[in-house]
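Subject: Structure for you to look at

Hello,

Please find the structure below. Have a look at it first, then read the notes under it.

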Amino acid sequence: WNIQPLSQILMLWGHSHLFEGGLKGKIQYYQRMIKNFVINTKRVSSYDLSENNLNLFYKLIDNLHPPTIISYSGNIFKLAKYMDENNLTFKFGKIKNVIVTSEPIYRKDINIIKKIFAHNVINEYGMAETGVIGYSKNSTQNVKIFWGNFILTKNDANNLYLSTTSDRVFPLINYDTEDRVRTQFVKDSSILSLREILGKSR
């Protein structure tokens, strides 16, 4: 995807709720600000998706024109839909990359994000319990698994199960991800890449 270390990134994110209260919380906040500056990343809270805020996000992106945006899947889709409905475009043309995370991304969502933002829509697949499990390669839905850290299998209903092999994350054995998938490459029942994440099984 040609994303280089320290290239500019805009994160439509959040996580302010993770900071503690009082002086310690302020210290954590400024530590985060310094780290963001060092890695050339700007974070903007996207919890409020009111029409007024969507317009502010559009103007911010239009002014910054970052090569890469990272966002929750649902949030960037809602912003893309807002721009499409209001015939808004970026004055400098499309962004290079949009990395979507935290939620399943569906074909219709991908299409509108590509139309409005970038040809490269990259799926960061993971869970709060494990961190990142895999990333898109060549196309959005083709997710390559970090097979050195995870063993993924599925049942006959295409429900995905996960076991961790690294001491960097909490140990999980045959953990039900509650995701339904189509597989791309499987070796001895171990899934090495996904063709598509279909959605939740529940």
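This is a predicted model: local features need pLDDT of at least 70, side-chain atom pairs count only at pLDDT 80 or more; totals for chains, interfaces and linings use all residues.

Residues are numbered from 1 along each chain as its sequence is written, and side-chain values use heavy atoms, with hydrogens and water left out.

Helices (H or I, at least four residues) and strands (E, at least two) are DSSP runs, numbered from the N terminus. Helix H2 (residues 51-64) has 14 residues. Its buried residues (under 20% relative accessible area, 1.4 Å probe, protein chains only) are Asn53, Leu54, Phe57, Tyr58, Ile61 and Asp62.

In the loop between H2 and S3 lies His65, with a positive phi near 45°. Most residues other than glycine have a negative phi. Asn174 also has a positive phi, of about 50°, and sits in the loop between strand S9 (159-164) and strand S10 (175-187).

In the helix pair, residues of H3 that meet H4 include Ile76, Phe77 and Ala80, and those of H4 include Asp109 and Ile112. By class, this contact has 7 nonpolar, no polar and 4 charged residues (Ala, Val, Leu, Ile, Met, Phe, Trp, Tyr, Cys and Pro are nonpolar; Asp, Glu, Lys and Arg charged; the others, Gly among them, polar).

Regards

Definitions and conventions: Contact means heavy atoms within 4.5 Å. The expected span of a helix is 1.5 Å times one less than its number of residues. Buried means under 20% relative accessible area, exposed over 50%, partly exposed in between (1.4 Å probe, protein chains only).
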